[in-house]
Amino acid sequence: MSNDLEDNDFEAIGSGGSPKETVIKLPPLSEKAKQKAKKRRRLIFWAKFTGVCLVLLLVMGIIGLAGAFFYCKPRYDLAHSFDLSELEKVEVASRIFDRTGDELGRIFVQNRRPVTIDNVSDNFVEALLAAEDSRFYQHNGVDYWGILRAFYYAARSKEWNQGASTITQQLAKQTFELKDRTMSRKVTEVFLAQRIEQALGSKQKILELYLNRIYFGSGYYGIASAAEGYFGKDPSRLSVVEGATLAACIPNPYHRSPRSFPETSKRWRNHVLTRMEAEGYIDKNTLKRSLEVAIRTEEKKNITGKSAFVYEKVRQEVIDLLGYETVSKGGFHIHTTIDGSIQNVAETTLQQQLSNIEQHPKFSHSTLAEYKAKKAEFRKSALPDQTFPAPEYLQGAILLIENKTGSIIAQVGGRDFSDSMFDRVNQGSRPTGTAFKPFVYAAAFESGLFPGTLVDDTPMDTRQVMVGGTTGILGEWGPESFDNTYENRITARTALAKSKNAASVRLGQKVGTTAVVNLAEAAGLKFQGDLKKFNATFLGRNPSSPEDLCLAYTIFPNNGRRPEKTHIISNIKDSIGNLIYSPSINIKNEAVIDRYTAYQINSILEDTFDFGTGVKAREKYQLGDYPVAGKSGTEYNFTDNWFVGYTSEVTCVVWAGFDQSDTIFPGAFSSDTVLPVWTKIMNAAAARFEPRAFLPPPDAQQVEICLKSGELASNNCYETVDKGDGTSSQIRCTYLEYLRPNTDLEMICHIHGRGGNRLKNLTKQPKNGPIRPNFIVTADASPVFPVSPTVVGTDDPYSSVAPLLRARVAPTTTITATPVEDEEPAEAVDGNGIPVARPVMTRSEAEPIPVQRVQLPPPRAIEFD
């Protein structure tokens, strides 16, 4: 049958002549044809479906890639915005050194000492790689296999128990503080790690930067600080066990610290050791031995310095000089004026002595040990905002400085910085007691008096001083003994050396409070309110800090001048050795006292250790045989004990007492409490700073003074002394003084000089030498006869410069002498054969001189407004 349609096969529809619809009848399909058609339709469907899916997947891929691009682009840009030079910048501890170069401590926010990778033990590096990043040398900063492994184990254990960050990623996170736990941070970290790897190009450099930055717990940043802090050794000497211990700390530095949690640390250390064996770094035998080793660490050292008070003073001064931001960056080498060995002597000796004082039978206050026990008990139940009361136990302070520069050699501000950060050296202010007296005598000598001036040493009405009440007589606590002896008329030298209270007040009254206060203020002491108007000032009722008192005393060894201030920093250098700070040493131009007064005070305070209040220093505490001067300082009612003394090179002050004024114990004299501490410190200082003799000014006038009259000695100034064997001898009761030119001294001894010969001219400068004055006496004066053979050709046939034979004791056999009370033998000075006799008080009918001994009870304190 033909497929073409004939015209008659259509029938027109309607009037439009359209062809008529015709139904074509086809024969039925076979079953096989039906199956084939169905299969074809199915294939067409799946082809269309796959195409649609592929198109959808393509669209979704494009959208995903676009989304990823737009999501990652800011993170990528952020990763590339970081300054990679920050990788090299780590906060480094600034190190504090003493004057000999020994390290005293460190100033830091993070305690770190950078080292190179070559100075780190392979044992630690291998432990680190096994524990943190076993594929460190294979990846490009991101370990994709490590990420998959971490996801796998997380899925199995249903918790995230493995880290996927590489060492490079950890370095990026630590350096740029990518701390938040978000996907955005992780993406940024990945890009940054890859950038670091590309920029540095050295795995060893990356490892070195990481080792110096990472935190190991217990305040140790970087491998060097951790090795030194935990094991007391250089990082190059770490063993396998020690390296594994430190590597185990890194993921959780606090809870895996070998010092704080040794059992936890050992468990994780053993895990690291197992990983090292799995990675082939150690064998099974080494692993077996290492697993059995116990955790051992060094005792934590005080990295803030041997003395917390010194450390804090240095820290504050450095911040003041450089600013906090600069100091925070660290890396400075701070060289101080502290002598580490003397500092150690000062701290140790003070602690021991104050503990000994607390054991005294009459000591009735709370002790340091009792305070510590109560504080420990308080901490067991205290809330976080509760604080323990400030300590009330006995305190002490020490300051040792160089005379010429004010450089601090040793400083102790208290007994325990953790109990009280109050630095008593420069922040405390306590009455100086009898340690103030040298300024009274200096003012007297400046006014024209001299050490041979006689003063009355007799009881004084306490109303003249108003210390200890308004009735009775003034107590004599100055001589450092309850058994005081009034000696009637004594020289100013003796009065100061023995620290006589009444005699010192009388001398001060003669000079006037204004002159004394003006001199003390010029020396650097500060006076409060109207107290300076009263005679109590002469006995040191005005408070002062140990620092001010120490500086004030330097006017004596410095010939009248003093440093402007103390300083503790000698220089500061940056990390590469550039000098960035050096102090300017300023000595005040205007002298507080002249050089004659300075020498006279030096001379008297040297006598303190021979027959004055410091005699125990050599007799009991082993003070060395070198030129030294000093003055005790006991405050009324034994509330404050001082000792201030010096050599030609250094000055040291030691104080003991309470922060709130209270009696240490009845009879607590400074010669028993603080003098032992001062003596040990000065002996240590003398070994480093060699003392020189105190020399008089070249033009000072050397004269011989009678101890009995305080006037120029005559040839007859001898006293008869019973030898105890039925015979007697005569001893010359004179001593030498050095006076300023034109000193007003006009009388030859009226006691031994046969009527008191008057001088026309005392201190006219001699032509043949500046030492001995040329005395010109009137015609009725008794002649002076030679006491030794005349040597032809000498300028001094009468041995007036060094009368050797005159100094000898002249024995007699027929004179019966009156017994002598309280006699002390003559003593040669400077090897010249001239005796410096002590005051010899005799009793005779012609001139009775009673010796008064007064036993005084401890007086009561009087309050001053």
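Buried means under 20% relative accessible area, exposed over 50% and partly exposed in between, with a 1.4 Å probe and protein chains only. Helices (H or I, at least four residues) and strands (E, at least two) are DSSP runs, numbered from the N terminus. The model is predicted: local features need pLDDT of at least 70, side-chain atom pairs count only at pLDDT 80 or more, and totals for chains, interfaces and linings use all residues. Residues are numbered from 1 along each chain as its sequence is written, and side-chain values use heavy atoms, leaving out hydrogens and water.

**View A. Helix H15 and its cover.** Let us start with helix H15 (residues 437–446), which is mostly covered, as 9 of its 10 residues are buried. Among them are Lys437, Pro438, Phe439, Tyr441 and Phe445. Look just after H15 for glycine 448, with a positive phi of about 120°.

View B. Five strands form an open sheet in the order E7-E6-E17-E16-E15, with antiparallel pairing; two strands pair if DSSP finds at least two bridges between them. At the edges, strand E7 (408–412) and strand E15 (629–634) each pair on one side only. Within the sheet, strand E16 (residues 640–646) and strand E17 (residues 650–657) are antiparallel partners over 7 bridges. Here phenylalanine 643 faces valine 654 in E17. Helix H23 (residues 675–688) lies across strand E6 (395–402), E15, E16 and E17, and runs at about 155° to E17. Axes are lines fitted to C-alpha atoms, for helices over the stretch in contact, and angles run from 0 to 180 degrees between N-to-C directions.

**View C. Helices H2 and H8.** Helix H2 (residues 122–132) packs with helix H8 (residues 240–249) at an angle of about 40°, their axes 8 Å apart. The two are therefore oblique to each other (under 35 degrees is roughly parallel, over 145 roughly antiparallel, 65 to 115 roughly perpendicular, and the rest oblique). On the H2 side, Asn123, Phe124, Ala127 and Leu128 meet Val240, Gly243, Ala244, Leu246 and Ala247 in H8.

**View D. Threonine 168.** This residue lies in helix H4 (residues 167–176). Threonine 168 is buried, with a relative accessible area of 0%. Leaving aside residues up to four places away in sequence, threonine 168 touches Phe136, His139, Gly141, Ala193, Ile196, Glu197 and Ile206.

Methods. Contact means heavy atoms within 4.5 Å.
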